[in-house]
Amino acid sequence: MRLLLSKRQILAKVSLYYGAAAFVGLLFGHLLLALLLMTLGHLLWQYKHIFLLDKWLWRDRKLTPPAGDGSWQQIFDGIYFQQRRERRKRKELRTLVRRFRDGAEALPEAVVVLNEDWNIIWCNKLAQLLVGLRWPSDEGQRIDNLIRSPEFHQYLKQRNFQQPLEVMSPTTSSIMLECKMMPYGKAQFLLIVRDITQLKQLEQIRKDFVANVSHELRTPLTVLQGYLEMMDGSAQPAAPIWQKAHGVMLEQTRRMDSLVQQLLTLSRIEAAARVQFDQEVDVPAMLALIQQEAETLNRDKQHSLQFEIDPELKVTGAPEELRSAFSNLVTNAIKYTPPGGVIQVSWQRDGQRALFTVTDNGEGIAPQHLKRLTERFYRVDQARARNTGGTGLGLSIVKHVLSRHNSQLLIFSEPGQGSTFSFALPPELVLGAQTPKKRAKFKVK
Ligand code: ADP
């Protein structure tokens, strides 16, 4: 692009024209008239170019500039250059937006772009099908006015998008949707919705299958176990090989029985509706029973069992589920601690929360196993688990129960030192005064 004339060049040009006019004026003795005519000509020349500029910009709307003289040609060229640059930029932007939209359309998920006030900026075709949005008429509408579910409202209100949310489709009640909100750019959000109906159905089939099989296995197992136990007490002496076989059969049927029991418990918890937190749970009484059971289990092991229970600390929740969680953690500590260990069980207030802790000085667990402990059938040491009669389901039951009570299991463990399993029930489930109560002393057995 050519540069505009410099100030000095313009001054030189103007001086030249006016100088020439003055010279001619002096020559004919009409200096003022000559200067006036010159000024008039100059003005007309300027107006002509302003007119050309106005016509080009507002009436012709063409890209190519009009032909101008002198400095005006440079002005026209400058505007032309700027316009071309803007057009190129706009084209690039359009291509970019088209590419983004084509990409979003090709996704197998519904995509909705939202601003921070949850107004719809854009959505793809699948969002129109799955969520029932209408484009472009829903542009600018709040998404929570169109997905009218209390869970979805809560999800947006909490602004915690780490976990996806499952909601019923606003268009078809038999369709289950999974919504994932992802913040991006400057105060923008991407709502990604996918149809998980089939996944949910498969999950339900799996749950039903496990529940049905476990249920069907119960009767034959009970019969088998009953007969084996009857034979155990029979007066007739049996051959040593039979005695050994009988012992193994009895042990294995008991193992199978506890496996079936735990599978049933897990299925029951999974199938149960949301916990209604209107039922009072007398945890101290529950723990007193668990303590008795633990003492029976502890007969062979001779651990020192120490229970420190706040006698007034009660909560609300599902009693059977909580009993299962407490009992599993206490039983595990006894099972996985070598004879003569120390096991401490504590149920105390921790600020507003109720804290349950089981600490043992057993073998502990290596760090690489800690994350997977609550998976179904996960056992650190298969051989050892076989000896202890473990099923690998206990901690997954605990995890399920706790997530239904807005809590989670914390595990601290050091190989060779022991482990601490704990969880805290949130304030909204804890009954009674907020101030710490009188505590029971350690009861050493
Ligand atoms: P299991 O029926 O095998 O006890 P769990 O789900 O209760 O199944 O526990 C999973 C695994 O976690 C156990 O097999 C065991 O290896 C480990 N574990 C659980 N509790 C303890 C503990 N207190 N000390 C050491 N290891 C433990």
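Accessible area, as used here, comes from the Shrake-Rupley method with a 1.4 Å probe. On that basis, the accessible surface of the chain in this predicted model comes to about 27900 Å², and 58% of that surface belongs to carbon and sulfur atoms. Of the 445 residues of the chain, 36% count as buried.

The overall form can be taken up next. The chain has 13 helices and 13 strands. Its radius of gyration is 41 Å, whereas the globule rule gives 22 Å for 445 residues, so the chain is more spread out than a compact globule. Along the principal axes, the C-alpha trace of the chain spans about 155 × 45 × 40 Å.

The domain assignment divides the chain into domain 1 (7–97), domain 2 (107–195), domain 3 (201–271) and domain 4 (273–444), and the C-alpha centres of domain 1 and domain 3 lie 101 Å apart. Among contacts between residues at least 6 apart in sequence, 60% join residues that are at least 24 apart. As for charge, the chain carries 59 positive and 44 negative side chains, with the centres of the two sets lying 11 Å apart.

S327 is found in helix 10, which covers residues 319–335. Because buried means under 20% relative accessible area, S327, at 14% relative accessibility, counts as buried. When its neighbours within four places in sequence are left aside, S327 is in contact with I290 and E293.

How values were computed: Residues numbered from 1 in each chain as written. Predicted model: local features only at pLDDT ≥ 70, side-chain atom pairs only at ≥ 80, totals over all residues. Heavy atoms only, no water. Helix = DSSP H or I, 4+ residues; strand = E, 2+ residues; numbered from the N terminus. Rg over C-alpha atoms; globule rule 2.2 N^0.38 Å. Buried < 20%, exposed > 50% of the residue type's maximum accessible area, 1.4 Å probe, protein only. Contact = heavy atoms within 4.5 Å. Lys, Arg positive; Asp, Glu negative; His and termini not counted. Charge placed at Lys NZ, Arg CZ, Asp CG, Glu CD. Domains from an automatic or database assignment.
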